[in-house]
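Please read the following alongside the sequence and the model.

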Amino acid sequence: MKVERPKGTRDFTPEEMRARRWLERYLLDVFRSYGYEEVLTPTFEHAKLFEEKSGEEILEEMYVFKDKKGRKLALRPEMTAPVVRFYNAELKTRPHPLKLAYIVNCFRYEQPQRGRWREFWQAGVEVFGSDRPEADVEVIELTYRIFDGILPSGAFEVRVGHLGILRGLLEEYGIGEDVQNKVAHLVDKGELDEVKTLLPAEPAEKALAVVTARSESEVEEAVSGKERAERALENLMEISDALREAGVDHELDFSVARGLDYYTGMVFEIHVPELGGGSQCAGGGRYDDLVKELGGPDVPAVGMAIGFDRLLLAAELYDRIPDGVEETRALLIPLVRSGKIWEIAAKLRKLGWVVNVEVSGKHIRKALSLADSLEYDYAVIVGERELKEGYVSVKNLKTGVQEEVPLDQLERAAEV
């Protein structure tokens, strides 16, 4: 019976896994260098965790099921809500600000295409306990450094906005949060004409003036006299000034709205234009109300998530993935059955070698051909005579030189 893998999922070859592990190590190193500690949450959660604040788009794409006791569960479609749930349950008493990081797989039932899969990976950070713009700046600056460390100059764009401007404006007109969320979703999708069907004429006009603005002055004019929106604009400009001082090249984009209902303040996205339609590779923002709304304390928070798979695609596109780590790789070819084989392999591994023991009993010619095809550095040949006289034959597969190396001097094998 032939069974195919589910649509929207992938198998990864050894070569692909090397690239993925490289990117994981790189991201975790950056996170740790900023003081972020890694956490992990369950692959599935109670569905209600996402139903409250994640937004219509995610609700439509969630993998939802019932367990054997009828409880409604969902595969995680994103990570902010699970991390907040974890924070509320176990982490809220830790010293603040609390900085957390993760790299995990997530699931959404959407149409698979290049850069978009039903099982995908996210890497991100969350900061709990600071309402200061410095926290926003750090999250953006950290994300910028990640992209700047991988991609060539000019390959990506950072767009920074502030949902507090739009929300503050609509609030002044008495527009409730549910409608605000719907407007934000339309803006996020670029369906601006639909905004006019949701709002009365004047607030629709002002909202569209904000999200299509190309300068600070245009936004100032649209929100003049709207106190909360004016404060949000001031906050955005403070963040933008700090980013410029930090050397983060970015543009203000008042149409950045994100696709999640819990964002309340600064929002940002990073795009790699050469990826085409799936150019957005990272995004995040401030979500000051979510911790409290999910049953926790009144704690401000800000975070971001990187589309791991898209960043890897961008790195491949620009040929930025290293060929491999510097290591000595050898095929150990046993011509005799002996427990000494494993002792020799263990000694070489202690020297830092990668040692692949040929376990199928291939003839030496075929074994050497295998070592060549795997692009190994050495072949270590162990036969009956070698064991009896206390040495191994080491062949340098790059130069063709072969020498006998005593078992008590295996460190000399790398000199062949």
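**Cysteines, sheets and domains**

The sulfur of Cys-281 lies 16 Å from the closest cysteine sulfur, in Cys-106, which is too far for a bond. The model is a predicted one, and a search of the whole structure finds 0 disulfides. Cys-106 is accordingly in no disulfide, with the sulfur of Cys-281 as its nearest cysteine sulfur. A disulfide here would require two cysteine sulfur atoms within 2.5 Å. Cys-106 has 0% relative accessibility and counts as buried; Cys-281, at 2%, also counts as buried.

The domain assignment divides the protein into domain 1 (14-318) and domain 2 (329-414). The C-alpha centres of domain 1 and domain 2 are 52 Å apart.

Next comes the sheet of 8 strands. The sheet is open and has mixed pairing, and its strand order is S1-S5-S6-S11-S10-S9-S7-S8. At the edges stand strand S1 (37-38) and strand S8 (251-252); each has a single partner strand, so one side of each is left without a neighbour in the sheet. Within the sheet, strand S5 (residues 98-107) and strand S6 (residues 119-128) are paired in the antiparallel sense over 10 bridges. In this pairing, Phe-107 stands opposite Glu-119 in S6. In a regular strand the side chains alternate between the two faces of the sheet.

Helix H5 (residues 133-150) lies across several strands: S5, S6, strand S7 (157-162), strand S9 (266-271), strand S10 (280-286) and strand S11 (301-307). The helix runs at about 15° to S11.

His-96 and Pro-97 are joined by a cis peptide bond, with omega about 0°. Pro-97 belongs to the loop between helix H4 (80-91) and S5.

A further segment carries an annotation from a record. In an unreviewed UniProt entry, residues 219-246 are annotated as "coiled-coil region". In the model, this span is 86% helix and 0% strand, and the C-alpha atoms at its ends lie 25 Å apart.

Two residues other than glycine have positive phi values. Asp-319 has a phi of about 55° and is found in the loop between helix H13 (308-317) and strand S12 (329-334). With a relative accessible area of 65%, Asp-319 is exposed. For Glu-375, phi is near 60°; this residue is in the loop between helix H15 (364-373) and strand S14 (378-382). Glu-375 is exposed as well, with a relative accessible area of 56%.

S14 runs antiparallel to S15, and 4 bridges join S14 to S15. Ile-381 has Ser-393 in S15 as its bridge partner. Strand S15 (residues 391-396) is mostly covered, with 5 of its 6 residues buried. S15 also pairs with strand S16 (residues 402-406), in the antiparallel sense, over 5 bridges. Here Val-394 has Glu-403 in S16 as its bridge partner. S15 and S16 form a hairpin with 5 residues between them, and in the turn Gly-400 has a positive phi of about 85°.

Note on methods:
Residues are numbered from 1 along each chain as its sequence is written. This is a predicted model: local features need pLDDT of at least 70, side-chain atom pairs count only at pLDDT 80 or more; totals for chains, interfaces and linings use all residues. Side-chain values use heavy atoms; hydrogens and water are left out. Two strands pair if DSSP finds at least two bridges between them. Contact means heavy atoms within 4.5 Å. Axes are lines fitted to C-alpha atoms, for helices over the stretch in contact, and angles run from 0 to 180 degrees between N-to-C directions. UniProt positions are given in the numbering used here, feature names are shortened, and annotations may be inferred rather than shown by experiment. Buried means under 20% relative accessible area, exposed over 50%, partly exposed in between (1.4 Å probe, protein chains only). Domain bounds come from an automatic or database domain assignment.
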